[in-house]
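Good morning, and thank you for coming.

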Amino acid sequence: MQLPTPVLRPPFNITRASHVVLTAADLTASRRFYEQVIGLVLTAEADGTLYYRGIEEACHHSLVLHQAGGAPACRRIGLRMLGDEDLEVAFASFRQQGCAPAWVEVPFQGRTLHVTDPVGTPLEFCARMPVAPRQITNFASHRGGCAQRIDHCQILVPQVPRALDFYSAMGFRLSEYIATDDDQLRGVFLQRKGNPHDIVFFHGAGPRLHHTAFFTPEAQHLLKACDVAGSLGYGRTVERGPGRHGPGHAMFVYFRDPDGHRIELFNTHYQAIDIENEPVRWDVKDPNVSFPWGLPAQRRWFEEATAFEGVAIKEAEPKPKPMTLERFLADQAERK
Ligand SMILES: [Fe+2]
């Protein structure tokens with residue numbers, strides 16, 4: 001398989017996944033979920049918007065929730081650049097590629113650049129935010145899953161190779177990927193910050209936001225988040241796990257927030273920095289990709305995702321046929 005050659009010195013410096021911007025129908029319900037179950041820290045509430053950060057994060061926000069009616073949506077995926085000069089260089093590059101770059105004013109962010117990537121994902125780049133004290137040693141304030149920082153987003157798209165080419169040209173490095181026997185890409189894990197991923201693309205109807213992931217240090221925090229969810233009446237929002245990933249190897253648990261947006265908490269990631277690190281290939285048929293032990297995810301985990309506001313969704317060809325919990329149990333019953 002011909003994978004893109006890594007661009008080790010890209011013309012502008014994207015540093016990491018930064019934030020996501022979601023809509024929420026009821027901010028009171030969102031506050032209860034994100035503060036008590038996930039354990040995020042509220043930095044500000046202004047003009048019908050909640051701004052959250054993880055307990056180790058100093059930058060103003062990694063999750064933005066805008067109160068809005070209608071179907072739940074994701075408005076933007078935020079990525080950080082190192083400096084304002086990187087934004088300037090990126091603007092010219094995006095214009096040349098037909099990504100409709102536009103300078104916009106966004107509260108609590110420095111100069112901000114809006115761009116749509118070639119697979120339809122609405123992106124938002126900035127290099128600066130106000131800072132607030134890190135809460136990492138304020139142990140008495142830690143709650144629920146103690147989410148420390150945003151780590152990555154996963155997006156479903158029908159054109160995974162196109163996403164891979166675009167992000168690789170911007171300096172993202174491929175840490176792991178999932179492919180069929182005939183070299184069709186089904187998932188790509190792309191990173192800038194030196195661990196397995198900042199942005200992930202999987203084959204599926206899209207573009208749609210599959211999940212946003214926050215890092216938490218210990219497996220016990222995953223269980224604590226589940227226990228808190230159960231005791232607050234959110235038990236059915238625990239959609240998948242706790243379990244262990246194949247790619248990335250982390251332990252995880254997935255929740256659905258009060259609007260149905262999917263949030264992952266996970267622990268541990270390995271470093272992926274050195275020049276000789278080659279992408280790890282996974283066979284799409286290998287059950288260890290999805291569930292090294294235990295049971296596979298429910299069908300809804302594979303099929304349901306958050307639409308990007310105002311962005312048309314295209315079907316994927318071929319239609320994904322994952323090993324769902326429903327299929328797994330039916331296969332088991334048939335064998336008896
Ligand atoms: Fe994830």
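I begin with His221, which is buried because its relative accessible area is 14%; buried means under 20%, exposed over 50% and partly exposed in between, with a 1.4 Å probe and protein chains only. His221 belongs to helix H4, residues 219-231. Helices (H or I, at least four residues) and strands (E, at least two) are DSSP runs numbered from the N terminus. Leaving aside residues up to four places away in sequence, His221 touches Gly144, Gly145, Cys146 and Thr216, where contact means heavy atoms within 4.5 Å.

Two remarks on the source. This is a predicted model, in which local features need pLDDT of at least 70 and side-chain atom pairs count only at pLDDT 80 or more, while totals for chains, interfaces and linings use all residues. Residues are numbered from 1 along each chain as its sequence is written, and side-chain values use heavy atoms, with hydrogens and water left out.

His211 in strand E13 (residues 208-215) and Glu264 in strand E16 (residues 262-267) link distant parts of the chain, being 53 residues apart. Both His211 and Glu264 are buried.

I turn to strand E10, residues 173-179, where seven of seven residues are buried. Strands pair if DSSP finds at least two bridges between them. E10 runs antiparallel to E11, with six bridges, and Ile178 stands opposite Gly187 in E11. The two strands form a hairpin with five residues between them, and Asp183 in the turn has a positive phi of about 65°. E10 is also joined to strand E17 (residues 280-283), in parallel, by four bridges; the bridge partner of Tyr177 there is Arg281.

Finally, the largest pocket has a volume of about 1,200 Å³. A pocket is an open set of points on a 1 Å grid over the protein atoms alone, where a 1.4 Å probe fits, with protein on both sides within 12 Å along at least five of seven lines; lining residues have an atom within 4 Å of a point. A volume is the space filled by probe spheres set on the points, which are joined across faces, edges and corners. H6 gives the largest share of the lining, four residues.
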